[in-house]
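Please look through the model below.

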Amino acid sequence: MVYEGARSVTGPFLGTLGASALVVGVVSGAGEAMALLLRLASGPLADRTGRYWLLTLTGYALTAVCVPLLAVIPLLGGAGLVVACALVLAERAGKAVRSPAKSALLARAADGVGLGRGFAVHKALDQVGAFSGPLLVAALVAATGLVEPALAVLAVPGAVAVVLLLRLRRRMPDPAPERAAVSRPAAEAPRLPARSRSGAWFGTDLPRRFFLFAAAAGAATAGLVTFGIISFHATETGLLPLAGAPLLYAGAMASGAVAALVSGYLYDRWTGRVLLALPLLAAAVPGLALSRSLAAVVVGALLWGAAVGVQDSTVKALVADLVPQARRATAYGVFAAVQGAAALAGGVLVGLLYEGSLSTLLVVLGGTQVLALVLLVASLRDRSAA
């Protein structure tokens, strides 16, 4: 509820502070990059120290604090835009701190029910907050005509989330660092070769098929426009009022929940082949979401939500299947770092081309998804031959 509620109005909110499309694109891309790149450090840290819960709680606490602080931005005058951008980036850093550790805990819990199903159910439940948060923001923006009260109210679900996590921690202790047993047969998750200390920290000892898949997912991420740009486009062109942006985002999150459940169910039957649909899905987003038709923008946003839902659930299931259990947090960190670099490059590229040539933008993003599809096919073939 907290970070998705804020994310639903980040683009228009920065626009009211004087941000251009380029600034929104750079901040959105840099935020997603931080949320992913910093996991290169937080993932191995979780595996080596075993402090999965400490990192998880710290990351959620950062989000719970940074989002409500955006409500005081108007009091800062000319410095407001700079501070707002810093808080947006700090919130994304909190996601980077918690995500590998949280995903490792989830993978351990999901081993008994199927990784595809486990991550799908998690994503669907996560989307309940991702749907209700933007709805709450939309209602308050419509009632007050301002974004700030809605951001302030998000402090409440933030506090509730931290309390729930503290209670849950008592029921599920941390696994031992780097000593968890491999839960899959050797043919599916082979033993790692002896590794150097630097290899253990930076993941250079992970299987080749994992890196092929990470490259494929990175290309798909670079070619998927952020919702910050989608909402900025919809409000700046007059297709949507400010209060309509959170509603559009809520619809996208509902679409993501459905896509996560469907793809997760199919993953446990078809394995990674179900992900071949991801680049095709993402390729359809820009032409629709950045059009001058409200109906097309809505459809594009729903497809964007579906792509994000698959990326945040079924993609993680394949990562867990590609590496040994004791190296999952490290793998999630490395995987996210690749996606983060791609998100930053994609955000800057979209911001530049959006104000220049929309047709060029569509061609470039389409080509990126073709590359993602080729790399994904290569990674799946490598996996089946391993």
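Is Phe-131 buried, partly exposed or exposed? At 35% relative accessibility, Phe-131 counts as partly exposed. The scale is simple: buried means under 20% relative accessible area, exposed means over 50%, and partly exposed lies in between (1.4 Å probe, protein chains only).

This is a predicted model, in which local features need pLDDT of at least 70 and side-chain atom pairs count only at pLDDT 80 or more, while totals for chains, interfaces and linings use all residues. Residues are numbered from 1 along each chain as its sequence is written, and side-chain values use heavy atoms, with hydrogens and water left out.

**Selected residues**

Phe-131 sits in helix α7, residues 115-144. Helices here are DSSP runs (H or I, at least four residues), as strands are (E, at least two), numbered from the N terminus. Phe-131 touches Ala-250, Met-253 and Ala-254, with residues up to four places away in sequence not counted. Contact means heavy atoms within 4.5 Å. Leu-247 is 116 residues from Phe-131 in sequence, yet the two C-alpha atoms are 8.7 Å apart.

Val-274 belongs to the loop between α13 (244-270) and α14 (277-283). Val-274 is buried, with a relative accessible area of 13%. Leaving aside neighbours within four places in sequence, its contacts are Ser-263, Leu-266, Tyr-267 and Thr-314. Val-310 is 36 residues away along the sequence and 9.9 Å away in space, C-alpha to C-alpha.

Thr-314 is found in helix α17, residues 314-322. Its relative accessible area is 1%, so Thr-314 is buried. Beyond four places in sequence, Thr-314 touches Ala-260, Ser-263, Gly-264, Tyr-267, Val-274 and Leu-275. Ser-99 is 215 residues from Thr-314 along the chain, and their C-alpha atoms are separated by 15 Å.

Thr-63 lies in helix α5. Thr-63 counts as buried because its relative accessibility is 5%. Not counting residues up to four places away in sequence, Thr-63 touches Val-2, Tyr-3, Pro-68, Glu-91 and Arg-98.

**Nonpolar cores and a surface patch**

In soluble globular proteins, nonpolar side chains tend to be buried together. A nonpolar core is a set of buried Ala, Val, Leu, Ile, Met, Phe, Trp, Tyr and Cys residues joined through side-chain atoms within 4.5 Å. The largest one has 81 residues. Which of them touch the most other members? They are Leu-151, Phe-210, Phe-213, Ile-230, Leu-275, Trp-304 and Phe-335. Apart from this core lies another, of 10 residues, among them Ala-46, Leu-57, Leu-165 and Ala-329.

Leu-151 is in contact with Ala-6, Phe-13, Val-67, Pro-68, Leu-70 and Ala-71, leaving aside neighbours within four places in sequence.

Some nonpolar side chains form a patch on the surface: Val-65, Leu-69, Val-72, Leu-75 and Leu-76. Together they have about 460 Å² of accessible area. Areas come from the Shrake-Rupley method with a 1.4 Å probe, and for residues only the protein chains shown count as cover. Patch members have over 30% relative accessible area and no salt bridge; nonpolar side chains (Val, Leu, Ile, Met, Phe, Trp, Tyr) are joined within 5 Å, like charges within 9 Å. Leu-76 is placed in the loop between α5 (52-69) and α6 (80-110). Its relative accessibility is 38%, so Leu-76 counts as partly exposed.

**Salt bridges**

How many salt bridges does a search of the whole structure find? The search finds 2. A salt bridge is a side-chain nitrogen of Lys or Arg within 4 Å of a carboxyl oxygen of Asp or Glu.

| Salt bridge | N to O distance |
|---|---|
| Glu-4 and Arg-7 | 3.6 Å |
| Arg-92 and Glu-91 | 2.8 Å |

Glu-4 and Arg-7 both lie in helix α1 (residues 2-7). They are 3 residues apart, about one turn of the helix. Both Glu-4 and Arg-7 are buried. Arg-92 and Glu-91 are buried too.

**Cysteines**

A disulfide is a covalent bond between the sulfur atoms of two cysteines. The cut-off is a pair of cysteine sulfur atoms within 2.5 Å. By this rule the count is 0 disulfides. Cys-66 is in none; its nearest cysteine sulfur, that of Cys-85, is 13 Å away. Cys-66 is buried, with a relative accessible area of 7%. Cys-85 is in no disulfide either. At 14% relative accessibility, Cys-85 also counts as buried.
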